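Welcome to this short tour of a protein structure. Take a look at the model first, and then we can walk through some of its residues together.

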Amino acid sequence: MARIPRKLVIDNFVVGVYHCVQRCVRRAYLCGLDRSSGKNYNYRKKWIEKRLEHLAGQMAVEVLGCTIMSNHLHLILRNRPDVVPTWSDEEVARRWWNLCPRKDKKGKPLEPTEKDLERMTKDPLRMLVLRGRLSSISWMMRFLVLLIARRANKEDGCTGGFWEGRYHCQRLLDEAALLACSLYVDLNPIRAGIAETPETSEFTAAYNRIRAMQQAARRNGAEGVDDELSDAEAADGWLSPIYLDPTSVGPPAPGTRRATNQGFLSLKRSEYLALLDQAGRQIRTGKPGAIPADCKPILERIGLSPTTWIETIQHF
C-alpha cells in the first residue's frame with residue numbers, strides 16, 4: 001500500500017503534535033547490541049539524545065516524548081510555527097548558523113561573524129524560508145538522522161543507508177491519543193524486556209523527567225520534590241513540560257533549552273509518572289490488569305475509559 005505523502009500528514013502552518021518513528025536499515029541493531037557481530041553500539045543512543053537536545057534548543061519544534069531503542073526511535077514532536085515570528089531576523093540567522101555552521105580545516109564549527117549574519121538577514125526571502133524550516137518537523141528529522149548516519153558510517157568505515165527510508169508519521173488529534181502515545185513511547189523498553197521500571201529505562205523522556213525530580217529532591221529535601229529546577233539545571237530541561245495550565249493566557253514563555261515552556265497534558269508530572277508506573281506494572285507482568293482506584297480520576301478528567309486503557313497502550 002502506498003505511503004501517505006508527508007505534506008498530507010503534517011501542516012507546517014498549524015501547531016500540531018505528531019508521533020514519528022525512524023528505524024535502522026534492515027532493523028539491524030546499529031544503536032544497540034548487534035547479536036550477529038557481537039558489537040555493542042549502545043553509546044550511539046547518547047549521540048541521538050544529545051543531538052535531539054541540541055535541536056530542541058535551536059528549532060521551534062518541541063520534544064514532548066522520546067524513546068531511543070536499539071534499532072529504532074520514537075519521537076513525539078510539536079511544531080510551533082506561531083513562535084518563529086516572535087524571533088528577530090538576527091536570532092533566526094544565528095539559530096540557523098548553529099544548525100549549519102561553517103567549519104575550519106579541522107572540522108570545528110566556527111562562530112558567526114557580523115558579516116555572516118548580515119549576509120543572511122539582508123535577504124527577506126531567505127529569512128522567510130529559514131523561519132519555515134526552523135518550525136518544520138521534516139527538517140528536524142533531517143538534521144537528526146543525517147548527522148547520526150554520517151557519524152556512524154564514518155566510525156564503521158562504510159557508506160550506504162543507516163536509516164530505513166523516511167520516518168513514519170502520525171498526527172495525534174486529541175489529549176487522549178497524546179496521553180496513550182506518550183505512555184506507549186515511554187514504556188517501550190519495558191515492553192521489550194530491556195528494563196524493569198521507568199526509572200531504569202534509559203534514553204526515554206520518562207527517565208529524564210524522573211531524574212529531574214530526583215535532582216529537585218536532593219537539592220531541596222523530601223519536601224521539595226515538586227519544586228521545579230531551572231531549564232539549565234534539570235535533566236528534562238530540553239523536553240516540553242508535561243502540565244498544560246488551562247488558566248494560562250497570552251503567548252507561552254520561551255525556555256532556555258526549548259522553544260517554549262508550554263505543556264501538553266492536563267496532568268502534573270507526578271500524576272503522569274504515577275499513571276506510567278501503574279501501566280508499566282500491568283504490561284510487564286503480561287496480565288490484563290486493572291486500573292487502581294487512585295488513578296481512575298486522572299483518566300476520567302481526559303475522557304478515557306479505565307476498562308480499555310491498558311489495551312489501548314499495548315496496541316497503540
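At 30% relative accessibility, E91 counts as partly exposed. This model is predicted, so please read every value below as computed from a predicted model.

- The side chains of E91 and R95 come together in a salt bridge, with 3.0 Å from N to O.
- Side chains of opposite charge can pair when their charged atoms come close.
- Why are E91 and R95 separated by about one helical turn? They are four residues apart in helix 3, and that spacing puts about one helical turn between E91 and R95.
- Helix 3, where R95 lies, covers residues 89–99.
- Leaving out residues up to four places away in sequence, R95 touches G57, Q58, M59, W87 and L134.

**What helix 3 packs against**

- Which residues of helix 3 are buried? They are V92, A93, R95, W96, W97 and L99.
- These buried residues of helix 3 pack against helix 2, helix 4 (114–121), helix 5 and helix 6.

- Helix 2 has 16 residues. From its first C-alpha to its last, helix 2 reaches 24 Å, close to the 22 Å expected at 1.5 Å a residue.
- The buried residues in helix 2 are R44, K45, W47, I48, E49, R51, L52, L55, A56 and Q58.
- A search of the whole structure finds 13 salt bridges, and R44 takes part in one with E155 and in another with D156.
- In the salt bridge between R44 and E155, the closest N and O atoms are 2.7 Å apart.
- R44 lies in helix 2 (residues 43–58) and E155 lies in helix 6 (residues 137–156), so this pair ties together parts that are 111 residues apart in sequence.
- R44 and D156 meet through their side chains at 2.8 Å, N to O.
- D156 is in helix 6 and R44 is in helix 2, so this pair ties together parts that are 112 residues apart in sequence.
- E155 is partly exposed at 39%, and D156 is partly exposed at 34%.

**The loop between helix 9 and helix 10**

- Where is S240 placed? S240 sits in the loop between helix 9 and helix 10.
- With 1% relative accessibility, S240 counts as buried.
- The side chains of S240 and R78 are joined by a polar contact of 3.4 Å.
- Apart from neighbours within four places in sequence, S240 is in contact with E62, V63, L64, R78, R209, R258, Q262, G263 and F264.
- A234 lies in the loop between helix 9 (205–220) and helix 10 (269–285).
- A234 is buried, at 7% relative accessibility.
- Follow the chain from A234 to T113, and you will find these residues 121 residues apart. Their C-alpha atoms are separated by 32 Å.

- Which residues make a nonpolar surface patch of about 300 Å²? This patch is made by L125, L128 and V129.
- L125 has its place in helix 5 (residues 124–134).
- With a relative accessible area of 59%, L125 is exposed.

**Points to take away**

- S240 is buried and makes a polar contact with R78 through their side chains.

Methods. Residues are numbered from 1 along each chain as its sequence is written. This is a predicted model: local features need pLDDT of at least 70, side-chain atom pairs count only at pLDDT 80 or more; totals for chains, interfaces and linings use all residues. Side-chain values use heavy atoms; hydrogens and water are left out. Patches are made of residues with over 30% relative accessible area and no salt bridge: like charges are joined within 9 Å, nonpolar side chains (Val, Leu, Ile, Met, Phe, Trp, Tyr) within 5 Å. Accessible areas come from the Shrake-Rupley method with a 1.4 Å probe; for residues, only the protein chains shown count as cover. A salt bridge is a side-chain nitrogen of Lys or Arg within 4 Å of a carboxyl oxygen of Asp or Glu. Helices (H or I, at least four residues) and strands (E, at least two) are DSSP runs, numbered from the N terminus. Buried means under 20% relative accessible area, exposed over 50%, partly exposed in between (1.4 Å probe, protein chains only). Contact means heavy atoms within 4.5 Å. A polar contact is a pair of N or O atoms within 3.5 Å; within protein, one must be able to donate a hydrogen and the other to accept it, and residues adjacent in sequence count only if both atoms are side-chain atoms. The expected span of a helix is 1.5 Å times one less than its number of residues.
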